[in-house]
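Hi everyone, and thanks for coming. Let me put the sequence and the structure up on the screen, and then we can walk through them together.

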Amino acid sequence: MAERSRQSLTLAKTEALRDKIRHHEHLYYVLDAPELEDADFDALMRDLKEIEAQHPEWVTPDSPTQRVGGKPKEGFLKVAHSRPMLSLDNVNTPEELADWDRRVRSLAGDAEIAYVTELKLDGLSLALHYTAGSSGGAVLARAITRGNGTIGEDVTSNVRTIRSVPLAISAEKLKKSRLPMPFEIRGEVVMPMAAFLKMNQEREALGQSPAANPRNAAAGTIRTVEPNIVAQRRLDFYGYFALQLTPGAEGENAFPTQLETLDALTTAGFRVNPHREAFKTLDQLRTFVARAEEQRASLGYEIDGVVIKVNSTALQKRLGFTGKAPRWAVAYKFTARGGVTRLQDIAVQVGRTGKLTPVAVLSAVAIGGITVTRATLHNADEIERLGVKIGDFVRVERGGDVIPKIVEVVEDKDHPRGHKRFHFPAHCPVCGSEIVRTEGEADYRCVNVDCPARLRESLLHFASRGVMNIDGMGEAVVVQLMEHGLVHSIADLYSLTSDKLLTLERIGQKTADALIAEIEQTKKAPLDRVLFGLGIRFVGERTAQLLADAFGAMDVLLTATIEELERVQEVGPRVAAAVHEFFAEERNRELIERLRMAGLTFTAERRKRSAKLEGLTFVLTGTLPTLTRDEAKERIEASGGRVSGSVSKKTSYVVAGEEAGSKLDKARDLKVPVIGEPELLEMLG
């Protein structure tokens, strides 16, 4: 009895700790009014994680610890909406707004008209479904993207990581809000500007191309199959609709007016945009629109207009819809933000894959409250399309894109043309290697795998699981190795010693010795792994295996002609050209020689493959009873078959195990034969 009482007391304290964390999450992520320092909040979260680790039976789906993590999904299930998520008609001028107002009043007849204005957030539309939880509250059951408006994608595991989305709503808040159970909240997922800029800084540091705007970044983040990636990026959810989900009333508005809806969402603990007002006259609407456009640059998140809705939901229902949009709402879209300035020069940046990107260097121009001095020009084809020359005056716009872009050359008596044409350099501006451009492609590239602009990504790829599998060599270690000048090439990994590693932060003797041992074991990796690790363009795991099987030795591959490469199974002209140009680069050949001296495996048995599964394509999904996916893939390919990562009409068989994901659903939709491991083993003989 005493033990049971102690457990009850501890469980009660655990729930109290969860409530405390939820309270501070709401203050920080919804109200922007934190009361705790980050370190103090992290300490509370650590305490909860420790308790739940000791008592896993106490973990609840709505616990704050369950926001982050989860296994990657294979895809997203399709889900029908309770009612269509339609887009809004747009107006762009005060005159068009007046025309819309006249149409609404004409259709409304004698009904009194009141409008509610809200900022038009530039993000991703989302529907959240809540069902009954414990103790009379509500819990998040499902999150669905807009999709085509009728059917969206289930992204619940990703949305659970967004801190401004309540995983649970207490009975007290639910009662005060008067939300009917079960219910649906519709709103917008946005990425704040600070989070967007930070994300792009991280991407550029990795040599990756920056995202164009927060809208694309938010949409791409929500649709990634890695919940951990979603958790690392700050996303916010703003609610603006509440719908009923009770049978017979699905999709019906939950409140008599839009203002009551927004107030109820605030009471329930959702983040609701504070810039909202009710008006009755057209002049008041115009004033709000003008004020919102002035505030646009200082909000901290992107908006592209103002949404105007009829306040009465009964009148909304009476006004109805056109074929694609509601008659009772409209979006007043702001004009794109732009300016005219002189193009001073064109610089060239080298990305992580070696791609050269031209960047316009501009005379400073203010656009939407931000001083712009650079704009992307994408590639040589874009420069040709614009006809731009150094010295030209150009029109620069931000529009929906935070990264400015040149939209046209301005030519008149006040803006004379420039005369200097831009030419891509013949050699990489970072490492001096010869630049290549494959016929039919827009991009120029540096193919030196040890180019400093590419090196970090090259090292991470070389060390990654499935390539050389150097456990412990993650991004933090790679960055330190480069910053301390210990590694200037992939080959330098084999010159590292424990003593050198001990100069890095957070590396002790045991860790240093283990990492050296991990690097040493890569010398036993077969030739196909070495080829895969070099990061040759278009050469993935399977192509590397085919090349190793076909040529049998690195020395033979080094001197292979394009014609000889094209004779290899599944190696077409583009792949052959990429392999040939890689080995033609002198610095890459020097790297190969250094790896040879380090003792890596440069020969392979020319395995004779069976033709049992020749011409068949397989897709693997779920967990098989005895084979790992790698083992199944290896055996299929050894028998002449091919393994693909996605299901299509050309798929021969889908091999399904336990917890099979969306690939199984797609196979059934496309009527692709589905087999299990026993049938696969029988085919393999």
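What share of the contacts in the protein with a separation of 6 or more comes from residues 24 or more positions apart? The answer is 67%, where contact means heavy atoms within 4.5 Å.

A word on where this comes from: it is a predicted model, with local features needing pLDDT of at least 70 and side-chain atom pairs counting only at pLDDT 80 or more, while totals for chains, interfaces and linings use all residues. Residues are numbered from 1 along each chain as its sequence is written, and side-chain values use heavy atoms, leaving out hydrogens and water.

Now the overall picture. The protein has 25 helices and 23 strands; these are DSSP runs numbered from the N terminus, helices being H or I with at least four residues and strands E with at least two. Its C-alpha trace spans about 90 × 85 × 55 Å along the principal axes. Of the 685 residues, 48% are buried, and here buried means under 20% relative accessible area, exposed over 50%, and partly exposed in between, using a 1.4 Å probe and protein chains only.

Let's turn to the aromatic rings. Searching the whole structure gives 12 aromatic pairs. Rings of Phe, Tyr and Trp (its six-membered ring) pair if their centres lie within 6.5 Å; planes under 30 degrees apart are stacked, over 60 edge-to-face, and the rest tilted. Take Phe241 and Trp328: the ring centres are 6.2 Å apart and the planes meet at 75°, so this pair is edge-to-face. It joins distant parts of the chain, since Phe241 is in strand 9 (residues 236–244) and Trp328 is in the loop between helix 11 (313–319) and strand 12 (329–333), 87 residues apart. Phe241 and Trp328 are both buried.

For contrast, look at Phe618 and Tyr653. Their ring centres are 5.6 Å apart with planes at 20°, so they are stacked. This pair also links distant parts of the chain, from Phe618 in strand 20 (residues 617–621) to Tyr653 in strand 22 (residues 653–656), 35 residues apart. Phe618 has a relative accessible area of 0%, so it is buried, whereas Tyr653, at 24%, is partly exposed.

Back to Phe241 for a moment. Ring pairs join Tyr240, Phe241, Phe321 and Trp328 into a cluster. The charged end of Lys309 also sits over the ring of Phe241, 4.2 Å from its centre; the rule is NZ of Lys or CZ of Arg within 6 Å of the ring centre and within 35 degrees of the ring normal.

Finally, some helix packing. Helix 23 (residues 629–638) and helix 25 (residues 677–684) pack at about 30° with axes 10 Å apart. Axes are lines fitted to C-alpha atoms, for helices over the stretch in contact, and angles run from 0 to 180 degrees between N-to-C directions. Helix 23 is therefore roughly parallel to helix 25, as angles under 35 degrees count as roughly parallel, over 145 as roughly antiparallel, 65 to 115 as roughly perpendicular and the rest as oblique. Which residues meet there? Ala632, Arg635 and Ile636 in helix 23 meet Leu680, Leu681 and Leu684 in helix 25.

Helix 3 (residues 94–108) and helix 10 (residues 282–295) have axes that come within 11 Å and cross at roughly 140°, so these two are oblique to each other.
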